[in-house]
Amino acid sequence: MDNDRGLSGFASLPGVQVGKTGGALAWPWAIASFMFSYFALIAFALTRKGLPTVSEYARKYPACVTERGMSCYRCGSRSIRLWREQPFIAAHQWHICNSCGTSLYRSR
Ligand SMILES: [Zn+2]
């Protein structure tokens, strides 16, 4: 591990404490976290776009249509959260189950 000290000479400056492994892993970590968030964002957009509309959802899960509104096809909860987002001009509304967090359908 003597090569380490030679490569990062500035680490030996007084008052500058650079972690032995932290400095070498900082860039890979930054890139990895960036890529991960990027792919997560794409996956998020793709899964949200693939959601059925209310009528499609009702046709797909007829048992979920109750008199007091829709219910979750997964856990049967009627507590559905409305997630509204407006990335551009058009606004989107996602309906997400409050209990299990499943994305159920979109309303526009
Ligand atoms: Zn649910």
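So, in what order do the 3 strands of the open sheet stand? The order is β3-β4-β5, and the pairing is antiparallel. Strands here are DSSP runs of E, at least two residues long, while helices are runs of H or I of at least four, all numbered from the N terminus. Two strands count as paired if DSSP finds at least two bridges between them. β3 (80-85) and β5 stand at the edges with a single partner strand each, so one side of each has no neighbour in the sheet.

Before I go on, this is a predicted model: local features need pLDDT of at least 70, side-chain atom pairs count only at pLDDT 80 or more, and totals for chains, interfaces and linings use all residues. Residues are numbered from 1 along each chain as its sequence is written.

As for pLDDT, that's the predictor's confidence in each residue, from 0 to 100. The protein averages 79, and 73% of the residues score at least 70. Confidence is lowest in helix α1 (residues 2-7), with a mean of 52, and highest in helix α3 (residues 54-60), at 93.

Now, the hairpin. Strand β4 (residues 92-97) and strand β5 (residues 103-106) are joined by 3 bridges. Isoleucine 96 sits opposite serine 103, and tryptophan 94 is opposite arginine 106. There are 5 residues between the two strands, and glycine 101 has a positive phi near 80°.

Last stop, cysteine 72. Its contacts (C-beta atoms, placed from the backbone, within 7 Å) include Cys97, Cys100 and Leu104, leaving out residues up to four places away in sequence.

Notes: Contact = placed C-beta atoms within 7 Å.
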